[in-house]
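Hi,

Here is the structure I said I would pass on.

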Amino acid sequence: MGPGAIPFTMSGESAAQLAALAAYLAGRHEEIMQAWAGMILSDPEAEVGVTLSLTHLRNIMTEILEDFESRLKAGAEGAGQVDEHSIAHGSHRWQQGYSLKELVREWRYLQVVGLEELERYALDHLDLSPETMIAARRIWLDLCSDGIERSVERFSELQRSEATGVLYDLQQAVEEVRRMEQERAATWHEAAHDLR
């Protein structure tokens with residue numbers, strides 16, 4: 001269990017039901033991604049997301065769904081697992097020119113679509129034990145919270161790195177201008193000396 005995760009226990013029946021949910025979700029990636037992309041594309045405030053191809057838009061998010069399925073199969077131990085796809089998501093969105101606000105909005109929409117999918121599953125499977133869906137929702141929310149945190153952290157690191165690079169370039173340019181000014185002053189000084 002990862003840092004910050006709240007421990008919980010579950011029965012063998014719930015663990016089996018979570019595994020069945022994971023198998024079901026593995027066959028629903030296309031529908032989930034369609035619903036998620038639809039929310040983004042219909043967002044009037046979206047800027048960059050609407051200019052990306054559906055392939056670029058979905059990039060990495062499918063792997064995050066697979067991470068969720070792995071966590072479900074792990075049951076109670078799946079809560080708090082750390083995966084690297086969230087970090088990759090932050091890097092990818094930064095490279096695509098996203099704003100931090102857009103990056104977080106993408107995660108919010110994924111969170112909503114995932115919860116809707118879980119509710120739909122629960123309504124279609126009334127024989128599920130209550131603890132199964134409680135565990136599934138907690139694992140999903142844990143994954144999304146971790147994802148937002150790691151994605152934003154990576155995005156911010158890249159922004160800081162870029163800002164540091166720009167500052168370094170400016171300092172180098174200032175040094176170059178200063179050096180040229182000194183050379184020009186020395187040239188004028190020599191010319192004045194020669195004229196005297």
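Predicted model: local features only at pLDDT ≥ 70, side-chain atom pairs only at ≥ 80, totals over all residues.

Residues are numbered from 1 along each chain as its sequence is written, and side-chain values use heavy atoms, with hydrogens and water left out.

First, the overall picture. The protein chain has seven helices and zero strands, so labelled because they are DSSP runs (H or I of at least four residues for helices, E of at least two for strands), numbered from the N terminus. Along the sequence that reads α-α-α-α-α-α-α. Among contacts with a separation of 6 or more, 80% are between residues 24 or more positions apart, where contact means heavy atoms within 4.5 Å.

Now the helix pairs. Two packed helices are described by the angle between their axes and the distance between the axes. The axes are lines fitted to C-alpha atoms, for helices over the stretch in contact, and the angles run from 0 to 180 degrees between N-to-C directions.

Let me start with helix α1 (residues 12-26) and α4: their axes come within 7 Å and cross at roughly 160 degrees. That makes α1 roughly antiparallel to α4 (over 145 degrees; under 35 is roughly parallel, 65 to 115 roughly perpendicular, and the rest oblique). The crossing of α1 and α4 is left-handed, i.e. the near helix is turned anticlockwise from the far one by less than a right angle, with clockwise giving right-handed. On the α1 side the contact involves Leu-18, Ala-19, Leu-21, Ala-22, Leu-25 and Ala-26, and α4 brings Phe-68, Glu-69, Leu-72 and Lys-73. By class, the residues of that contact are eight nonpolar, no polar and two charged (nonpolar: Ala, Val, Leu, Ile, Met, Phe, Trp, Tyr, Cys and Pro; charged: Asp, Glu, Lys and Arg; polar: the others, Gly among them).

Helix α4 (residues 61-74) also packs on helix α6 (residues 100-124), at an angle of about 45 degrees and with the axes 12 Å apart. The pair α4 and α6 is therefore oblique, and the crossing is right-handed. Met-61, Ile-64 and Phe-68 of α4 meet Glu-106, Trp-107, Leu-110 and Leu-118 of α6. Six of the residues in the contact of α4 with α6 are nonpolar, none is polar and one is charged.

What about α2 and α6, and at what angle do they cross? Roughly 135 degrees, with the axes of helix α2 (residues 29-41) and α6 coming within 9 Å. So α2 and α6 are oblique to each other, with a right-handed crossing. From α2 the contact takes Ile-32, Met-33, Ala-35, Trp-36, Met-39 and Ile-40; from α6 it takes Glu-106, Tyr-109, Leu-110, Val-112, Val-113 and Glu-117. That contact of α2 with α6 divides into ten nonpolar, no polar and two charged residues.

Lys-101 lies in helix α6 and counts as exposed, at 54% relative accessibility. The C-alpha atoms of Lys-101 and Val-152 are 9.6 Å apart, although 51 residues separate them along the chain. Glu-63 is in helix α4 and counts as partly exposed at 33% relative accessibility. Its C-alpha sits 9.8 Å from that of His-29, 34 residues away along the chain.

Cheers

Technical notes. Buried < 20%, exposed > 50% of the residue type's maximum accessible area, 1.4 Å probe, protein only.
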